Amino acid sequence: MRINIFFTPLGLTSADIAGKPVIVIDILRATTTIITALANGAKAVIPAAAPDEAARIAQNLERGGVLLAGERRFEPIDGFDLGNSPREMTAAAVTGKTIVMSTTNGTLAIQAAEAGNPVLVGAAINFSAVVERATPLVEAQGEISILCAGRERGFALEDAYAAGRFAQALLPPGGRRKVELNDAGVAALELIKRYGDRWKRAVSASAAARDLGKKGYRDDVVAATEVDRYDLVAVYDERQVTLGRDAETPRR
Ligand code: MLT
């Protein structure tokens with residue numbers, strides 16, 4: 001079995017993941033926010049690379065059924081309906097809506113995972129559900145990639161820790177000796193030795209958590225570490241993230 005972790009989407013090629021299972025992570029905050037939106041009744045979340053792309057996509061969707069969401073420098077984008085806070089994704093705001101979302105790193109990472117099959121959207125808040133879905137896929141395919149959004153093309157501690165937790169949970173009987181890991185995989189598992197199962201401590205130690213705190217979004221950091229709050233798996237397929245699709249359905 002092989003587990004590949006990518007600390008950022010930089011350097012990831014379609015060939016690395018084509019047809020193979022991928023878990024994509026942006027703990028602070030995009031994947032946490034997307035999962036919360038879907039849990040609270042959003043129909044789908046469509047990741048966009050940039051705000052103008054999001055606006056273009058939204059124009060082609062049913063008016064009244066679509067919301068624009070996202071952030072730049074943590075703050076809501078001018079003219080958009082919602083920011084990138086999981087606390088904004090209430091049932092009242094999102095039920096029945098398609099959300100077109102552009103964030104600095106997270107939505108780009110999801111798009112970068114496009115060639116994977118399936119592409120599971122992971123966070124602490126749906127950790128066990130993703131592990132449960134991914135386990136038979138890894139057993140069948142012999143390989144999985146875990147893609148971190150990272151920060152501005154660089155390493156992000158909260159995502160690397162989460163990647164290590166997913167990797168650890170997916171180790172086969174016989175453990176690490178039975179698995180081929182890339183170097184990022186080895187490093188991520190070392191992080192688990194440092195932080196153990198303490199999601200809050202690992203996530204709070206990150207620069208993103210500190211910056212979110214300074215901007216008044218400390219509660220979003222707390223929300224991002226509510227482990228297993230949702231028992232659901234979100235899948236990116238045909239350019240949208242939904243709960244409704246079977247992760248094992250072959251694409252296109
Ligand atoms: C991102 O995609 O870069 C993040 O989700 C940033 C944020 O916390 O809003």
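Student: Hi! Which exposed residues does H8 carry on the face turned away from its buried side?

Tutor: That face of H8 carries Asp183, Lys193 and Arg194. Exposed here means over 50% relative accessible area, buried means under 20%, and partly exposed lies in between, with a 1.4 Å probe and protein chains only. Before going on, note that this is a predicted model, where local features need pLDDT of at least 70 and side-chain atom pairs count only at pLDDT 80 or more, while totals for chains, interfaces and linings use all residues. Residues are numbered from 1 along each chain as its sequence is written, and side-chain values use heavy atoms, with hydrogens and water left out.

Student: Ok, and which residues of H8 are buried?

Tutor: Ala184, Gly185, Ala188, Leu189, Leu191, Ile192 and Tyr195. They sit on the same side of H8 because they cover an arc of only 145° around the axis. The arc is taken from the directions from the helix axis to the C-beta atoms.

Student: How many residues does H8 have?

Tutor: It has 13, residues 183-195, and the helix reaches 19 Å from its first C-alpha to its last. That is close to the 18 Å expected at 1.5 Å a residue; the expected span is 1.5 Å times one less than the number of residues. As for the naming, helices (H or I, at least four residues) and strands (E, at least two) are DSSP runs, numbered from the N terminus.

Student: Changing topic: how much space lies in the largest pocket?

Tutor: About 310 Å³. The search runs on a 1 Å grid over the protein atoms alone: a cavity is a set of points where a 1.4 Å probe fits but cannot get out, a pocket is an open set with protein on both sides within 12 Å along at least five of seven lines, and lining residues have an atom within 4 Å of a point. Points are joined across faces, edges and corners, and a volume is the space filled by probe spheres set on them.

Student: Which lining residues lie nearest the centre of that pocket?

Tutor: Of the 19 residues lining the largest pocket, Glu71, Phe74, Thr104, Asn105 and Glu152 lie nearest its centre. Strand E4 (66-72) and helix H7 (157-170) each supply at least two residues of the lining.

Student: How does the lining divide into nonpolar, polar and charged?

Tutor: Four nonpolar, six polar and nine charged. Ala, Val, Leu, Ile, Met, Phe, Trp, Tyr, Cys and Pro count as nonpolar, Asp, Glu, Lys and Arg as charged, and the others, Gly among them, as polar.

Student: Which domains does that lining draw on?

Tutor: At least three residues come from each of domain 1 (2-28 + 108-237) and domain 2 (35-105). The domain bounds come from an automatic or database domain assignment.

Student: You mentioned Phe74. Where does it lie, and is it buried or exposed?

Tutor: Phe74 is in the loop between E4 and strand E5 (75-76). It is buried, at 16% relative accessible area. Phe74 also has a positive phi of about 75°, although it is not a glycine. Arg73 is found in the loop between E4 and E5 too, but Arg73 counts as exposed at 70%.

Student: And the largest cavity, which residues line it?

Tutor: Lys200, Ser204, Arg218, Val221, Val222 and Thr225. Helix H9 (199-204) and helix H11 (218-224) are the elements giving two or more residues to that lining, and H11 gives the most, with three. About 30 Å³ of space lies in this cavity.

Student: How far is Pro118 from Glu238?

Tutor: Their C-alpha atoms are separated by 11 Å, although the two are 120 residues apart along the chain. Glu238 is partly exposed, at 41% relative accessibility, and it has a positive phi of about 50°.
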